[in-house]
Amino acid sequence: MQAVQQGGWPNQRTPSVEYLVVAGGGGGGRNNGGGGGGAGGLLAGIDPVPNGQTLLVTIGAGGAGSSTTFGANGANSVFGAISSVGGGGGGGADVATGAENLGRSGGSGGGSGTNGSGFVPSGGGAFGQGNAGGRGNSDAATWRHGGGGGGAGTVGRDVISGTSGGYGIGGAGIASSINGTVTTYAGGGGGGIYQGVTGTVSGGVGGGGSGGNNAGGSATAGTTNTGGGGGGGGGATGAAGGSGIVIIRHPVAYADATSYSPATKTTSNGYTIYTFLASGSITF
């Protein structure tokens, strides 16, 4: 009797599932030190599933990188009643007026852009889903750099100097083994750098794109289906955030979902796993 209570009969309908829901990452900002895009919000846990009910799955798109000011926020990802928030767009500086833009709030916050002197406030992260972006900074003369986008695991880095040790690196994501392999999701985008130096700025581990440099090196997009933030532009267009992902699993002893489209079904380590790279639905 105790074994039945703990594990259930083989092929019994699935009473609950584990899930990972990652939203789309925010796009990077542009111009004189564009902020990195914030990572998409990340939610993980266990949820009961109703017998015979179809649950919708939405995969959030990454936000567009900016060609004028701040990047666009990413779109939410959804599994049933569970919704993770799209990452905040990175801030920039208005090309025409030079006005600075704060990083936008989201699942994780976008880093702020800069065009003048001193720190510029960044975007905040959603509680339990991500972290704030880093603050852009400038000496208003020899360097102007954007803050790193926030990641699901850590905040985006503030810019503390115009040299390589002080750049706005993207915040780190969070590792999960729900798909059978340890994979990191939802890293923030690196901030853009402008004036006086070479190289690009690293995005956070978990799909965050690299920040660009006006002296050479374009911003790169967040990695598809990781929720990574896009890199900020350094005197040029910021890059797009990466799309999100939804992964669901249950012990193989339980019955498979009766339908799951367009998910890929695999098995690993005693679990049946459904991976959604595009929007669809699942029925248990």
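Q: How many bridges hold for the pairing of strand S12 with S15, and in which sense do they pair?
A: Strand S12, residues 259-261, pairs with S15 in the antiparallel sense over three bridges, where two strands count as paired if DSSP finds at least two bridges between them. The strands, like the helices, are DSSP runs numbered from the N terminus, with at least two residues in state E for a strand and at least four in state H or I for a helix. Within that pairing, Ser259 stands opposite Thr283 in S15.

Q: Before I go on, what kind of model is this, and how are residues numbered?
A: This is a predicted model, in which local features need pLDDT of at least 70 and side-chain atom pairs count only at pLDDT 80 or more, whereas totals for chains, interfaces and linings use all residues. Residues are numbered from 1 along each chain as its sequence is written, and side-chain values use heavy atoms, with hydrogens and water left out.

Q: OK, back to S15: what does strand S3 do with it?
A: Strand S3, residues 54-58, and strand S15, residues 280-283, pair in the antiparallel sense over four bridges. Leu55 stands opposite Ile282 in S15, and the bridge partner of Thr54 in S15 is Thr283.

Q: And which other strand pairs with S3 over two bridges?
A: That is strand S4, residues 77-79, which pairs with S3 in the antiparallel sense; there, Phe79 in S4 is the bridge partner of Val57.

Q: Switching topic, where does Gly27 sit, and is it buried or exposed?
A: Gly27 is found in the loop between strand S1 (16-22) and strand S2 (42-48), and with a relative accessible area of 0% it is buried. Leaving out residues up to four places away in sequence, Gly27 touches a set of residues that includes Gly37, Gly63, Ala64, Gly89, Gly230 and Ala240, a contact being heavy atoms within 4.5 Å.

Q: How far is Gly27 from Gly228, C-alpha to C-alpha?
A: Their C-alpha atoms are separated by 9.3 Å, although Gly27 and Gly228 are 201 residues apart along the chain.

Q: What surrounds Gly228?
A: Gly228 is placed in the loop between strand S10 (193-194) and strand S11 (245-251) and counts as buried at 0% relative accessibility. Setting aside neighbours within four places in sequence, the contacts of Gly228 include Gly25, Gly187, Gly206, Thr223 and Gly242. Gly228 and Ser202, 26 residues apart in sequence, are 12 Å apart in space, C-alpha to C-alpha.

Q: Which non-glycine residues have a positive phi?
A: Among them is Ala186, with a phi of about 65°, which is found in the loop between strand S9 (183-185) and S10 and counts as buried at 0% relative accessibility. Another is Asn225, with phi near 60°, which lies in the loop between S10 and S11 and counts as buried at 14% relative accessibility.

Q: Where is the cis peptide bond at Pro262?
A: The cis bond joins Ser261 and Pro262, with omega about 0°, and Pro262 lies in the loop between S12 and strand S13 (264-268).

Q: Now the whole chain: how many helices and strands, and what radius of gyration?
A: The chain has one helix and 15 strands. A compact globule of 284 residues would have a radius of gyration near 19 Å, and the 20 Å of the chain agrees with that; the radius is taken over C-alpha atoms, and the globule rule is 2.2 Å times the number of residues to the power 0.38. Along its principal axes the C-alpha trace spans about 75 × 30 × 30 Å.

Q: What share of the residues is buried, and what share of the contacts joins residues at least 24 apart?
A: Buried residues make up 52% of the 284 residues, and among contacts between residues at least 6 apart in sequence, 52% join residues at least 24 apart.

Note on methods
Buried < 20%, exposed > 50% of the residue type's maximum accessible area, 1.4 Å probe, protein only.
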